[in-house]
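Open the model in your viewer and keep the selection tool handy. We will go from one stop to the next, with a note on what to look for at each.

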Amino acid sequence: MLIQILNGFVYGGLLYILAVGLVLIFGLRRVVNFAHGGLFMLGAYIGYTIASIAGFWVGLVASVTVLAVLGVVMDRVVFRPLQDEDPIVTMLVTFGILLVLEDLVRTIWGKDFLTLKPPAGLDGIIMLSGSSFPVYRLAVIALAVLVAGGLSLWLRSSRVGLHVRAASVDPVTTAMQGVDTERLGATVVAIGAALAGLSGTIAAPLLALSPSMGSFILIDSFVVVVTGGLTSFTGAFVAALLIGQLHNLGVVFVPAAASVIPLVLMVLVLLWRPDGLAKKRS
Amino acid sequence: MNLLMLRDVDAFYAQAQVLHGVSLEIGKGERVAILGRNGVGKTTIVNAMLGIASVRGGSISFGAETPRRLRHFTAARLGVAVVPQGRRIVPGLTVRENLLLGAATERPGPWNCEAVFGLFPVLRERAEIPGPSLSGGQQQMLAIGRALMANPDLLVLDEPSEGLAPVIVDELADTLVRLSAAGTSILLIEQNFSLVHRVAERYYVLSKGTIVESGSLAGLSVEVLKKHIAV
Ligand SMILES: Nc1ncnc2c1ncn2[C@@H]1O[C@H](COP(=O)(O)OP(=O)(O)OP(=O)(O)O)[C@@H](O)[C@H]1O
Ligand SMILES: [Mg+2]
């Protein structure tokens, strides 16, 4: 049972790192970024390739860096020019980017499933109350907690973090105070994309790499974001842990319905609190 | 040198022109009012400065600078801080965080949270509560405090008396006079004659997007002022 719960946290952790990027981007750019699944998948492949040449950690850093740069480019080329368009247009464009990225990856890396080995030192197994559990999975949980703590510290107590929080509720008033919200937006999209790269690379030893891996996890991430209340970082954290658990219990006990369970949870939460977990009904 | 100067400004929202050749200037140490009825374009003057309404004719200068492109953040960085109509306290931030947001320009000067709390002690007591849960008068103090955090040369206030009880408006008048004595120039956009009368030395009257009158308030009674404006 403990093992099951830990596995739920592993998936929840991955989901959180991915979903919190969506929350950041939605907050500043008001974009529902379907491309995020593609960024996750691309991050996994870049991480995989560099890791097999230069080792896991170099692969991780490379993937995060490349994705951050890609985030800035995407903000420049897509989000900013489309800022005043109907949100549906931007959403469709990001969906298009997802498809293009999937095709690109399929062309470069092929359709076959690939797997990456965990880094040396984290590839062992640990005994927990009589069952064995991979150390790497514990490390993933720890990393998710670290990302959550780091982000929350940054948002709560740094100057830029304050500007990010302010701009996600009222960008115009924030800009009037002297904040360059355009540059801030680019920074935040870069961070969101980098987190997708991070999430993708650390997922590479856990999930089989395939071009469609992004679309799968994207759906659960959206469920996390919506359940958590769209703009709430704490909400996303709680929702990710919940969905991670449910997903995993579903896989174990009702495999046939596993992919539906998170959606059911989302509907129930929204019936109870239409604005998501983080906001009380007004 | 003027802290703020508009020269023949034509300002638009999309295709709709709201300001027609507006010119005005505020020098160092001055207290100036812009008077005008509802919907004549008072807020649009502010919005033009902030790059919210688009300026398609004329120019706006802040101090020695005449930016070619007005971004939302330009005015604050060049020493002109705005207390917007409706106060625009940012939800989700505490009182203190709203103040800190005002310091985004990092302009040097005497104002910081402590100085603002000295001016408005009630904000110190309520520093850690959400900004929007303050009363109207306190929110106005917060909006003024936030603007001061930018250490501006000129403070622009857009209908600060709106929704405030008369006693609070009196306190507001005292505060503005004190701020000006301490070296901050004031541009007060108002429909409240008694506030204007107590604060400003000079006025402009805006009507249908044009300055139709201007002059000194010295020796003018509130009643005479009202008659002047009742155009
Ligand atoms: N964002 C906007 N888009 C389009 N038109 C606008 C916008 N804001 C104001 N207007 C129009 O511009 C005109 C001037 O508005 P403005 O807000 O400048 O008036 P005001 O003098 O500040 O009025 P009030 O005393 O009610 O605040 C009005 O006709 C108004 O309807
Ligand atoms: Mg107005």
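A crossing of two helices is called right-handed if the near helix is turned clockwise from the far one by less than a right angle, and left-handed if it is turned anticlockwise. Keep in mind along the way that this is a predicted model.

**Stop 1**

Select helices α1(A) and α9(A) and look at how they cross: the crossing is right-handed. Their axes come within 9 Å and cross at roughly 70 degrees. Angles of 65 to 115 degrees count as roughly perpendicular, and α1(A) and α9(A) are therefore roughly perpendicular to each other.

Now show the side chains at the contact. From α1(A), pick Y11(A), L15(A), L18(A), A19(A), L22(A) and V23(A). Their partners in α9(A) are I217(A), D220(A), S221(A), F222(A), V224(A) and V225(A). Colour this set by residue type and you will find 10 nonpolar residues, one polar and one charged.

**Stop 1**

How many aromatic pairs does the structure hold over all chains? There are six.

Zoom in on F34(A) and F95(A) first. Their ring centres are 5.5 Å apart with 85 degrees between the planes, an edge-to-face pair. F34(A) sits in the loop between α1 and α2 of chain A, while F95(A) belongs to helix α4 (residues 87-109), so to speak a link between distant parts of the chain, 61 residues apart. Is F95(A) buried, partly exposed or exposed? Its relative accessibility is 35%, so F95(A) counts as partly exposed.

Next, turn to F34(A) and F222(A). Here the centres are 5.0 Å apart and the planes stand at 65 degrees, so this pair is edge-to-face. F222(A) lies in helix α9 (residues 213-228) and F34(A) in the loop between α1 and α2, so the pair ties together parts that are 188 residues apart in sequence. With a relative accessible area of 18%, F222(A) is buried.

**Stop 2: α2 and α8**

For the last stop, select residues 35-54 of chain A, which make up helix α2, and residues 181-203, which make up helix α8. The two helices pack at an angle of about 50 degrees, with their axes 7 Å apart; α2(A) and α8(A) are therefore oblique to each other. The crossing of α2(A) with α8(A) is right-handed.

On the α2(A) side, the contact includes H36(A), L39(A), F40(A), G43(A), A44(A) and G47(A). Among the residues they meet in α8(A) are G192(A), A193(A), A196(A), G197(A) and G200(A). The residues of this contact divide into six nonpolar, eight polar and no charged.

How values were computed
Residues numbered from 1 in each chain as written. Chains lettered and ligands numbered in written order. Predicted model: local features only at pLDDT ≥ 70, side-chain atom pairs only at ≥ 80, totals over all residues. Heavy atoms only, no water. Axes fitted to C-alpha atoms, helices over the stretch in contact; angles between N-to-C directions. Helix = DSSP H or I, 4+ residues; strand = E, 2+ residues; numbered from the N terminus. Parallel < 35°, antiparallel > 145°, perpendicular 65-115°, else oblique. Contact = heavy atoms within 4.5 Å. Nonpolar A, V, L, I, M, F, W, Y, C, P; charged D, E, K, R; others polar. Phe/Tyr/Trp six-rings, centres within 6.5 Å; stacked < 30°, edge-to-face > 60°. Buried < 20%, exposed > 50% of the residue type's maximum accessible area, 1.4 Å probe, protein only.
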